[in-house]
Amino acid sequence: MSLYDVGEELSMRYVVTGGAGFIGSHLVDYLVYRLKADEVVVIDNLSSGSPRNIEMHIDAGVVRLIKADLSKRGEWEKGLKGADIVFHYAANPEVRISSVEPGIHFENNVVATFNVLEAMRLGDVDKLVFASSSTVYGEPSVIPTPEDYHPLKPISIYGASKLASEVLIQVYSELYGFKALILRYANIIGARSNHGVIVDFINKLRTNPSRLEILGDGTQRKSYLHVSDAVEATMHLAVNKLDSMHGVDVYNVGNHDWVTVTEIADIIVEEMGLGRVDYVFKKTTPDGRGWPGDVKLMLLDIRKLESTGWKPRLSSRDAVRRTVRELLGKT
């Protein structure tokens, strides 16, 4: 069953890079079920995504999957021609890996974004929705953090790769007349996610139900948004803002509240029905963050997004609980 109700028909052709992955596949669901898309082209290298996430749409003949590496120019570029909107969601999402293998984020995030923009330019496609990240802010002095906060000083290669991609999009918009929505997402969670703190904790507790190693001191506090809310916000903006806007516009996509890592662990232990679990905190930095480059406190200001008529349905805590139940097969 889809997370989204069947809605009014709006026939268009879309391209979703990373469309077999976590957020991308939920976006594809929305395009098929809600917008009744004529065709959705998914371009994905399947490094973290899976055809299983969209196989029902492939079987129905609505979605065409192109397996390709966007960091390399190639035949996949033909898939963008004639698209009404490109949703660029392909990226390596592992923030932690950027501290030890920075080249992965440069190739999969920055080079891939440049190649997508070039394919759009050559294919006469002029509308883009880009999945950016709260990590572009680094450790801001203003919390909640608004879109116009400066200076943008990411502290991870992942954040830097997203900011570099934003700059490329800004320049392509100026030079070639692209319309682009840049969406800076908070931590997006939900069914089909295969990385992140919730997945990590569940896997650890399945291995050892009495002990849980937690990276950092447990006081890291961040905002979480369920993927259904994230996709609703994304499409609300794409449908209502993209056609009428000029150039590039930036929106934070997040929640009003935040939760600590220890609170997340408590919810998971409760939902798994475990008894006493010993939390073992592994401090990897002097100030207790999870790893070098991890932002310890993150809460986005979403008033600009809410001014357009959208608001989240689930709080951070409720989003965490729902995600745990989804990943455990309880819903």
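Colleague: What makes a set of residues a nonpolar core in this predicted model?

Modeller: A nonpolar core is a set of buried Ala, Val, Leu, Ile, Met, Phe, Trp, Tyr and Cys residues joined through side-chain atoms within 4.5 Å. The largest such core has 40 residues, of which Val40, Phe87, Tyr89, Val129, Leu183 and Met235 touch the most other members. Elements that each supply at least two residues to this core include strand 1 (13-17), strand 5 (127-133), strand 6 (179-185) and helix 6 (227-240). Another core, of 26 residues, lies apart from it, with Val15, Ile43, Ala112 and Ile182 among its members.

Colleague: With which residues is Val129 in contact, leaving aside its neighbours within four places in sequence?

Modeller: Val129 is in contact with Ile85, Val86, Phe87, His88, Tyr89, Leu181, Leu183, Thr234, Ala238 and Leu242.

Colleague: What makes strand 6 mostly covered?

Modeller: Seven of the seven residues of strand 6 are buried. Lys179, Leu181, Leu183 and Tyr185 point one way, Ala180, Ile182 and Arg184 the other way, and all are buried.

Colleague: How do you know that strand 5 and strand 6 pair?

Modeller: Two strands pair if at least two bridges are found between them. Seven bridges join strand 5 to strand 6, so the two pair, and they run parallel. Lys127 has Lys179 in strand 6 as its bridge partner.

Conventions. Residues are numbered from 1 along each chain as its sequence is written. This is a predicted model: local features need pLDDT of at least 70, side-chain atom pairs count only at pLDDT 80 or more; totals for chains, interfaces and linings use all residues. Side-chain values use heavy atoms; hydrogens and water are left out. Buried means under 20% relative accessible area, exposed over 50%, partly exposed in between (1.4 Å probe, protein chains only). Helices (H or I, at least four residues) and strands (E, at least two) are DSSP runs, numbered from the N terminus. Contact means heavy atoms within 4.5 Å.
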